[in-house]
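These are my notebook entries on one protein chain. I record what I looked up, entry by entry.

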Amino acid sequence: MAIGNIYAISAVAIIGGGLFGFDISSLSAIISIPEYKCYFQSEPVPEDHADCVGPDSSVQGGITAAMPGGSWLGALASGFISDLLGRKKAIMVGAVIWWIGSTIICASQNVGMLVVGRVINGLSVGICSAQVPVYISELAPPSKRGRLVGAQQWAITWGIMIMF
């Protein structure tokens with residue numbers, strides 16, 4: 001069975017890992033900007049938009065926790081999805097789920113939409129973060145396996161660091 005260039009396949013997974021890292025930490029870069037604070041403010045927005053404080057702490061905590069909550073569910077479901085469809089198609093399903101969640105987040109009109117989009121993106125993160133390293137290790141020869149899986153995990157960490 002022809003696999004193809006393991007480095008090209010891994011490069012796509014590594015880029016995806018970096019993007020996962022960006023999304024995992026993306027909220028940390030956004031919660032302090034005035035546009036976010038005023039748009040999702042719990043109280044009425046002041047006329048001058050200068051004193052927007054954003055969502056109250058419990059709402060902000062829910063927004064932030066939505067993605068890890070979805071990731072937990074996605075990681076739990078990833079084995080079943082992979083057994084049903086195979087790893088490659090499970091990763092593709094994760095990509096479609098990611099697209100749906102990102103569309104909802106971009107179109108968010110209120111906190112509820114933002115939370116739902118983040119939960120859906122979290123599902124994708126859970127599915128793909130559980131399946132991509134296994135997929136890479138199944139394709140890679142033993143001499144390159146650790147290096148390629150480690151590079152994917154390293155990219156996630158770099159994505160988090162760059163966005164944070």
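How many helices and how many strands does the secondary structure of the chain come to? I counted six helices and zero strands, where helices (H or I, at least four residues) and strands (E, at least two) are DSSP runs numbered from the N terminus. Read along the sequence, the pattern is α-α-α-α-α-α.

**Entry 1: the model.** I note that this is a predicted model, in which local features need pLDDT of at least 70 and side-chain atom pairs count only at pLDDT 80 or more, while totals for chains, interfaces and linings use all residues. Residues are numbered from 1 along each chain as its sequence is written, and side-chain values use heavy atoms, with hydrogens and water left out.

**Entry 2: the whole chain.** I found that the C-alpha atoms fill a box of roughly 65 × 30 × 20 Å, taken along the principal axes. Of the 164 residues, 35% count as buried; buried means under 20% relative accessible area, exposed over 50%, and partly exposed in between (1.4 Å probe, protein chains only). I then looked up contacts, meaning heavy atoms within 4.5 Å. Among contacts with a separation of 6 or more, 69% join residues 24 or more positions apart.

I next listed the buried residues of H6: Leu-148, Val-149, Gln-152, Ala-155, Ile-156 and Gly-159. Seen down the helix axis, these residues fall within an arc of 105 degrees, so they line one face of H6; the arc is that of the directions from the helix axis to the C-beta atoms. An α-helix has 3.6 residues a turn, so residues three or four places apart point the same way. The cover over the buried residues of H6 includes helix H1 (6-30) and helix H5 (111-139). On the other side of H6, I found Ser-143, Gly-146, Arg-147, Trp-154 and Ile-162 exposed.

**Entry 3: the largest nonpolar core.** A nonpolar core is a set of buried Ala, Val, Leu, Ile, Met, Phe, Trp, Tyr and Cys residues joined through side-chain atoms within 4.5 Å. The largest one has 13 residues, and those with the most contacts inside it are Ile-6, Ile-91, Cys-128, Val-132, Ile-136 and Leu-148. H1, H5 and H6 each give two or more residues to this core, and H5 gives the most, with six. I also checked Ile-91: not counting residues up to four places away in sequence, Ile-91 touches Cys-128, Gln-131, Val-132 and Tyr-135.

Entry 4: Is Asn-121 buried or exposed? Asn-121, which lies in H5, is buried, with a relative accessible area of 0%. Leaving aside neighbours within four places in sequence, Asn-121 is in contact with Asp-23, Met-67, Ile-97, Trp-98, Gly-101, Ser-102 and Ile-105. Val-134 is also found in H5, but counts as partly exposed at 30% relative accessibility.

**Entry 5: a loop residue.** I located Asp-56 in the loop between helix H2 (34-39) and helix H3 (57-85). Asp-56 is partly exposed, with a relative accessible area of 37%. The side chain of Asp-56 reaches the backbone nitrogen of Val-59 at 3.0 Å.

Key. A polar contact is a pair of N or O atoms within 3.5 Å; within protein, one must be able to donate a hydrogen and the other to accept it, and residues adjacent in sequence count only if both atoms are side-chain atoms.
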